[in-house]
Amino acid sequence: MGKYTQQVSKFWAILVLTGALTFLFQVSHVFAYNYLGGFWPGQTGSTLKLNLGLDANMGANASQAYTDGFISWNSAGAEVSFTPASSTQSYNVLLTETNNSSVGWDGLTTLLPCNSCQYTSGTVLLNRFFTGSYVRGKIAGVATHELGHVIGLAHAGGCVIMVATTATRWDTCHLQTPQLDDINGAKARY
Ligand SMILES: [Zn+2]
């Protein structure tokens, strides 16, 4: 290959690479973030502050995952402040665990009175039937994802913590912490 041909090849390689990066950038902004439609009242225009009731009877892995999860959100710059409630304090959201082989989910968040309402309380479950075999980062990713629902975030596409499946979130994307779109979604909500 002559020198001119090499130069031309390099030019086209850079052009194609630039195009690919531009495409990826645009795709990541197409997906952005989504909302469940509800919110915690009285907290707009400020940092979302919620007390979390960690069930004292759940397994150590679940407890660790929830702790990893709320620390991730608190330190992400998402204007979210989760505080574990002491055993005598009231809490906004109960974090606990089940062992259910008859369902397909590894984590589930229920917000009351409904997903698109002004929230009064919530419950998060990790399903040990699945999470019992997860490494720490994988179960932490599930807990962080569920805490995203607690904030009011719905599922989103791409390598974000709010992507629907653990197969994508962990096995493909290796994510256990909130990503830029997740953080932007939380910040824009309160
Ligand atoms: Zn989800």
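Author: Axes here are lines fitted to C-alpha atoms, for helices over the stretch in contact, and angles run from 0 to 180 degrees between N-to-C directions. The model is predicted. The part to look at is the pair formed by helix H2 (residues 60-74) and helix H4 (residues 136-151), whose axes come within 8 Å and cross at roughly 60 degrees. Angles from 65 to 115 degrees count as roughly perpendicular and those under 35 as roughly parallel, so H2 is oblique to H4. The crossing of H2 past H4 is right-handed.

On the H2 side, the residues that meet H4 are Asn61, Gln64, Ala65, Tyr66, Asp68, Gly69, Phe70, Ser72 and Trp73. H4 contributes Arg136, Ile139, Ala140, Val142, Ala143, Thr144 and Leu147. Sorted by class, this contact of H2 with H4 holds nine nonpolar, five polar and two charged residues.

Strand S4 (residues 93-98) pairs with S6 in the parallel sense through six bridges, with Thr96 bridged to Leu125 in S6. Strand S5 (residues 107-112) runs antiparallel to S6 and is joined to it by six bridges; here Leu112 has Ser121 of S6 as its bridge partner. Over the whole chain of 190 residues, 36% count as buried.

Definitions and conventions:
Residues are numbered from 1 along each chain as its sequence is written. This is a predicted model: local features need pLDDT of at least 70, side-chain atom pairs count only at pLDDT 80 or more; totals for chains, interfaces and linings use all residues. Helices (H or I, at least four residues) and strands (E, at least two) are DSSP runs, numbered from the N terminus. Angles under 35 degrees count as roughly parallel, over 145 as roughly antiparallel, 65 to 115 as roughly perpendicular and the rest as oblique. A crossing is left-handed if the near helix is turned anticlockwise from the far one by less than a right angle, and right-handed if clockwise. Two residues are in contact if their C-beta atoms, placed from the backbone, lie within 7 Å. Ala, Val, Leu, Ile, Met, Phe, Trp, Tyr, Cys and Pro count as nonpolar, Asp, Glu, Lys and Arg as charged, and the others, Gly among them, as polar. A residue is buried if 20 or more other C-beta atoms lie within 10 Å of its own, exposed if 12 or fewer, and partly exposed in between; C-beta atoms are placed from the backbone. Two strands pair if DSSP finds at least two bridges between them.
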